[in-house]
Amino acid sequence: MGAPTDVPGPDPGAAPGEPASPAPRRRPPRPAGPGIKVVVAVLCALLGFALVLQVRRTASGDTLATARPDDLVQILDGLQRREDELNGEIGDLRDTLTRLRSSGASSAEALSEAQRQAAALGILTGTVPAAGPGVRIVIDDPNGTVPPEVLLDAIQELRNAGGEAFQVGSVRIGVNSAFTGGRGAITLDGIALQSPYTVLAIGDPPTLTAALSIAGGVLDTVRRAGGTMEVTQSDDVRIDAVRAVLTPQYAQPTTG
């Protein structure tokens, strides 16, 4: 049995005996243009990056075993709020991806969406400047006894607490950043850092501060290594350093 077809009804304005005018044909959907394909690729990359960050944030927890109850409550509130934000972002990205795939969105709309997503992805990857509330951390190492692991732990703790953008000295932190060297001779991505080490982080200031101050955490580690640490909360932290845009050699975004 074939598919039913629409039969045109009588034209109310036609005279008796005249044939009915044919029904208008529906315009076939336009194929996705290059702009939509770019948006789909950017959305897939951003969605994957957000999922990786969420997994990393939930994977840490060793230092929380010795944290005080008040610190745990504050950190838990921050993590819950951040999780809700990430779930909302993932839902929005999926909705946008579905809408752009199924509708004949115009090139201007696709380009606008691509620019918005590229800006968000640029903040996460460190390729664009960023500003917002956060903390300024100064770690002083007068005797050259603080190892690079301490700075790495500080960044990881800030990231676990919901930090979104980071800068150490003049170097922007990215997904492939690495602390190397030794005590008193720390390098970040091949650039030598000088004490006192300044760390800028954008995120919820109280949550970031609590994450650094938990018992057995970063503050205690700095003190045991012979250094001191000072944390200042601010409503306007500006991160100006940027990273170069890397072109993947093997991985390519997919739309499936």
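Helices (H or I, at least four residues) and strands (E, at least two) are DSSP runs, numbered from the N terminus. The model shown is predicted, with local features requiring pLDDT of at least 70 and side-chain atom pairs counting only at pLDDT 80 or more, while totals for chains, interfaces and linings use all residues. Residues are numbered from 1 along each chain as its sequence is written, and side-chain values use heavy atoms, with hydrogens and water left out.

**View A. Strand S2 and its antiparallel partners.** From strand S2 (residues 165-168), Ala-165 and Gln-167 point one way and Phe-166 and Val-168 the other way, and all are buried (under 20% relative accessible area, 1.4 Å probe, protein chains only). S2 pairs with strand S7 (residues 197-202) in the antiparallel sense over 4 bridges, where pairing requires that DSSP finds at least two bridges between two strands; within S7, Leu-200 is the bridge partner of Gln-167.

**View B. The hairpin of S2 and S3.** Strand S3 (residues 171-172) pairs with S2 in the antiparallel sense over 2 bridges, and Val-171 in S3 stands opposite Val-168. The hairpin has 2 residues between the strands, and Gly-169 takes a positive phi near 60 degrees.

**View C. The lining of the largest pocket.** A pocket here is an open set of points on a 1 Å grid over the protein atoms alone, where a 1.4 Å probe fits, with protein on both sides within 12 Å along at least five of seven lines, and its lining residues have an atom within 4 Å of a point. The largest pocket is lined by 20 residues, of which Leu-121, Thr-125, Val-175, Leu-246 and Pro-248 lie nearest its centre. Helix H1 (34-59) and helix H3 (107-125) are the elements that give two or more residues to this lining, and H3 gives the most, with 5 residues.

Definitions and conventions: Buried means under 20% relative accessible area, exposed over 50%, partly exposed in between (1.4 Å probe, protein chains only).
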